[in-house]
Amino acid sequence: MTFIEKAMAMTGDQSRKLKIGARVHWKNDAGDVGIVTENTWSGVVINWDNRGPQAIMHNDMADVSLDP
């Protein structure tokens, strides 16, 4: 099974439960990795390895998946 087959779209409820330091991927791309640096009532901030930090609302996390 490949990484893409293992990964699933993240729901808002799953996003709210993310811990600081969790490694995540953008659009199931194993080369596009970031770390959750903040988790607030409205969303998370992810510091991507290949670009700067990005704030994403919890219900907009469908393109993000947890590191398997």
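Reply:

**A hairpin and its sheet**

Happy to! In the hairpin of β1 and β2, six residues lie between the strands, and K27 takes a positive phi near 50 degrees. This is a predicted model, in which local features need pLDDT of at least 70, side-chain atom pairs count only at pLDDT 80 or more, and totals for chains, interfaces and linings use all residues. Residues are numbered from 1 along each chain as its sequence is written, and side-chain values use heavy atoms, leaving out hydrogens and water.

Strands here are DSSP runs (E, at least two residues; helices are H or I, at least four), numbered from the N terminus. Two of them pair if DSSP finds at least two bridges between them.

Strand β1 covers residues 23-26 and runs antiparallel to β2, residues 33-39, with three bridges joining them. On the β2 side, H25 has V33 as its bridge partner. β1 also pairs with β5 (residues 64-66), again antiparallel, over three bridges. There, the bridge partner of H25 is S65.

Now step back to the whole sheet: five strands form an open, antiparallel arrangement in the order β4-β3-β2-β1-β5. Its edges are β4 (53-57) and β5, each pairing on one side only.
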